[in-house]
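Thank you for making time this morning.

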Amino acid sequence: MPAVALAGASSAFAVDALPDARFVGFAQAVNEFDIASGQLALARSGNENIRGYATRIIAEATNSASMLSKSRQEAGVSYAPDGAMGPKTANLLSQLNGLQGPAFDSAFANAQLSVHMDAEAQIGAYSQNGKSGPLRRYAQETFPTSKAQLEYARRIAGGR
């Protein structure tokens with residue numbers, strides 16, 4: 001696997017870009033997770049940092065989902081579920097759904113960190129090596145936001 005070197009990236013990731021339809025599924029799973037987990041955070045957390053992050057992530061994921069839909073249509077690429085991220089995010093949402101207060105906050109922060117580490121790596125890889133021009137542009141446009149989300153997720157998770 002080639003290492004992906006991106007200017008200003010916080011780490012080097014050794015991932016290959018997913019095939020087009022699976023990348024769409026991956027990105028859609030991340031967006032859906034961010035919206036759903038953010039809504040849970042607004043309902044279950046009293047922590048201002050968590051709630052602020054949740055408000056931000058919902059808005060950014062909603063915008064990203066709209067951009068993804070337009071890029072997918074422009075590319076003529078159908079959606080294919082990603083075999084890893086879809087089940088991962090479903091499991092994390094299930095875990096979060098049973099928690100409240102500080103226990104929720106900790107699990108939410110860890111879930112965000114895990115998802116956004118994967119998202120930064122895959123969006124970065126696709127932005128460099130993706131096959132579809134419209135989807136590669138989507139990845140290039142959303143990569144800075146993905147990096148910022150990962151950095152904020154690290155902060156709410158205690159700097160990991």
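This is a predicted model: local features need pLDDT of at least 70, side-chain atom pairs count only at pLDDT 80 or more; totals for chains, interfaces and linings use all residues.

Residues are numbered from 1 along each chain as its sequence is written, and side-chain values use heavy atoms, with hydrogens and water left out.

The helix names follow DSSP runs numbered from the N terminus, with helices being H or I of at least four residues and strands being E of at least two. The axes of α2 and α4 come within 11 Å and cross at roughly 40°, the axes being lines fitted to C-alpha atoms, for helices over the stretch in contact, with angles running from 0 to 180 degrees between N-to-C directions. That angle makes α2 oblique to α4, since under 35 degrees counts as roughly parallel, over 145 as roughly antiparallel, 65 to 115 as roughly perpendicular and the rest as oblique.

What of the aromatic rings in the whole structure? A search finds five aromatic pairs, a pair being rings of Phe, Tyr or Trp (its six-membered ring) whose centres lie within 6.5 Å, with planes under 30 degrees apart called stacked, over 60 edge-to-face and the rest tilted. One of them joins Tyr53 and Phe108, edge-to-face, at 5.9 Å centre to centre and with 75° between the planes. Because Tyr53 lies in helix α2 and Phe108 in helix α4, this pair ties together parts that are 55 residues apart in sequence.

Let me turn to the partners of α5. Helix α2, residues 48–75, packs against helix α5, residues 133–156, at an angle of about 165°, with the axes 10 Å apart, which makes α2 roughly antiparallel to α5. Their contact has 13 nonpolar, six polar and six charged residues, where Ala, Val, Leu, Ile, Met, Phe, Trp, Tyr, Cys and Pro count as nonpolar, Asp, Glu, Lys and Arg as charged, and the others, Gly among them, as polar. Helix α4 meets α5 at about 150°, with axes 8 Å apart, and that makes α4 roughly antiparallel to α5. Here the contact holds 13 nonpolar, nine polar and four charged residues.

Finally, the pockets. On a 1 Å grid over the protein atoms alone, a pocket is an open set of points where a 1.4 Å probe fits, with protein on both sides within 12 Å along at least five of seven lines, and lining residues have an atom within 4 Å of a point. The largest pocket holds about 200 Å³ of space, and of its 13 lining residues the closest to the centre are Phe26, Ala84, Met85, Asp118 and Gln122. Helix α4 gives the largest share of that lining, four residues. By class, the lining has eight nonpolar, one polar and four charged residues.

The second largest pocket has a volume of about 170 Å³. Its lining numbers 18 residues, with Glu60, Ser64, Thr142, Thr145 and Gln149 nearest its centre, and α1, α2, α4 and α5 each give two or more residues to it. Helix α5 provides the largest share, six residues.

Definitions and conventions
Grid points are joined across faces, edges and corners, and a volume is the space filled by probe spheres set on the points.
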